[in-house]
Amino acid sequence: MKDHEIIREKISQAIGILGETAIDLWLTFVRETREGGDPVVPLIYGTDLTWQSALILTRSGDRIAIVGRHEADAARSLGAYQVIPYDEGISPDLVRTLTRLDPASIAINESRDDVLADGLTLGMYRLLTEYLSGTPYADRFVSAEAIISRLRARKTPAEVTRIRQALADTMQIYGSTFDYLEAGQPEKQIAAFMHAQVNRLGLRTAWEPEACPAVNTGPDSPVGHAAPGNLKVAPGHLVHFDFGVSRDGFASDIQRTVYVLRNGETEPPPEVKHGFETIVQAIRAAAATLKPGALGREVDDAARSVVVEAGYPEYKYATGHQLGRAVHDGGALLGPLWERYGDLPNGRVEAGHVYTIEPGLAVPGHGYIGIEEDVLVTENGVKFLTPPQTELILVHPS
């Protein structure tokens, strides 16, 4: 399905969501999006906008794009908007349009908790209020968070197909990497091999390439968003990977864990096997809880409890996040009620959401065990979008 068709699907979804939320009008107000655009633009427009532009959707079905004249043809090509071009300034057309529609509520893209619903800059907000001075409309602003979080979260079949394609590429690269992996290789050498595979397929990494992939070997490697370093894979090490690609505008995000056998070992030692099985069980517990209607914090608690009850410290991050056009795709979070997450863990799970599930723990003397699976929520529970890792990947001595 072409990008324009996906955008038209998302616009139709957005109009339905406006009805659900009883918000009359949603206004996305942007400029120079190539230099720091609103994260919602790829969902409802798809290409960059240069001059000040207003994308307007109403719950009665209006779809209006007020754009600079030189971008009007591109806007019309979407087949999604009534296009109003301007030359000298946007404010006359914007005021005329709002006056004609006379909305009682105008959703703008600001949010306390959801970064992907917080795309309206302070400067653009000031311009908007200046342009609407003398009208009643600047007093009718509400947050668009409820609209954007639902719009990002509810994946269409075409969006799920794109995610699956990115995941297929990711697992292909992982397979080549595990064949390549051996003791003595530095983390950064392994990362370079993976980057070469990404380039060969004509893809991009799902986040900044300096930290994608994350490669952590042994107990001394810092786990998180750090660049792979000079530590070398050694027998007895756990080797942890966190990696994803971006393909056709959609991302994957998968973690895998490898154990490097020592001479004479035919299987990992008991403490490694126990840690790994704990994470597998935590993922299963989260997946069993991840059903329509569940709160994100309930899913988090199901996984976190397995890890803590097995005697490990709780991991200091959320169990999972939404996945789509962005790796962290906004909306409901599978996380605890910590200050840094705001109200996101109270979001409700719906069919059509795509989440990661990614608990982890450290095994002293060996390293970090992290598994991350990408799952689609259905009416009957979750569907794993790739075969889940249920056994440690083993690297044998040379």
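Here is a short briefing, arranged by topic.

This is a predicted model, in which local features need pLDDT of at least 70, side-chain atom pairs count only at pLDDT 80 or more, and totals for chains, interfaces and linings use all residues. Residues are numbered from 1 along each chain as its sequence is written, and side-chain values use heavy atoms, with hydrogens and water left out. The protein has 10 helices and 18 strands; helices (H or I, at least four residues) and strands (E, at least two) are DSSP runs, numbered from the N terminus.

**Overall build**

- The C-alpha trace of the protein spans about 80 × 40 × 35 Å along its principal axes.
- Of the 398 residues in the protein, 54% are buried, where buried means under 20% relative accessible area, exposed over 50%, and partly exposed in between (1.4 Å probe, protein chains only).
- Among contacts between residues at least 6 apart in sequence, 66% join residues at least 24 apart; contact means heavy atoms within 4.5 Å.

- Strand E2 (residues 53-58) is mostly covered, with 6 of its 6 residues buried.
- Ser53, Leu55 and Leu57 point one way from E2, while Ala54, Ile56 and Thr58 point the other way, and all are buried.
- Strand E1 (residues 25-30) pairs with E2 in the antiparallel sense over 6 bridges; two strands pair if DSSP finds at least two bridges between them.
- In this pairing, Trp26 stands opposite Leu57 in E2.
- E2 is also joined to strand E3 (residues 63-68) by 4 bridges, and these two run antiparallel.
- Here Ala54 stands opposite Ile66 in E3.
- E2 and E3 form a hairpin with 4 residues between them, and Gly61 in the turn has a positive phi of about 105°.

**Helices H7 and H8**

- The axes of helix H7 (residues 157-180) and helix H8 (residues 187-200) come within 10 Å and cross at roughly 140°. Axes are lines fitted to C-alpha atoms, for helices over the stretch in contact, and angles run from 0 to 180 degrees between N-to-C directions.
- H7 contributes Gln172, Ile173, Tyr174, Ser176, Thr177 and Tyr180 to the contact, and H8 contributes Gln189, Ile190, Phe193, Met194, Gln197, Val198 and Arg200.
- The residues of this contact divide into 7 nonpolar, 5 polar and 1 charged; Ala, Val, Leu, Ile, Met, Phe, Trp, Tyr, Cys and Pro count as nonpolar, Asp, Glu, Lys and Arg as charged, and the others, Gly among them, as polar.

- E7 and E10 run antiparallel and are joined by 2 bridges, with Ser246 in E10 as the bridge partner of Arg204.
- Another open sheet has the order E13-E16-E17, and its pairing is antiparallel.
- There, strand E13 (354-357) and strand E17 (381-384) are the edge strands, each pairing on one side only.
- From one strand to the next, the twist averages 40°.
- E13 and strand E16 (residues 373-378) pair over 4 bridges in the antiparallel sense, and Glu373 in E16 is the bridge partner of Ile357.

**Backbone details worth a look**

- Most residues other than glycine have a negative phi, and most peptide bonds are trans.
- A cis peptide bond joins Cys212 and Pro213, with omega about 15°.
- Pro213 lies in the loop between strand E7 (204-205) and strand E8 (214-217).
- Ala22 is not a glycine, yet has a positive phi of about 55°; Ala22 is found in the loop between helix H1 (3-21) and E1.
- Ala22 counts as partly exposed because its relative accessibility is 46%.
- Asp248 is likewise not a glycine and has a positive phi of about 50°; Asp248 is found in the loop between strand E10 (245-247) and strand E11 (250-251).
- At 47% relative accessibility, Asp248 counts as partly exposed.
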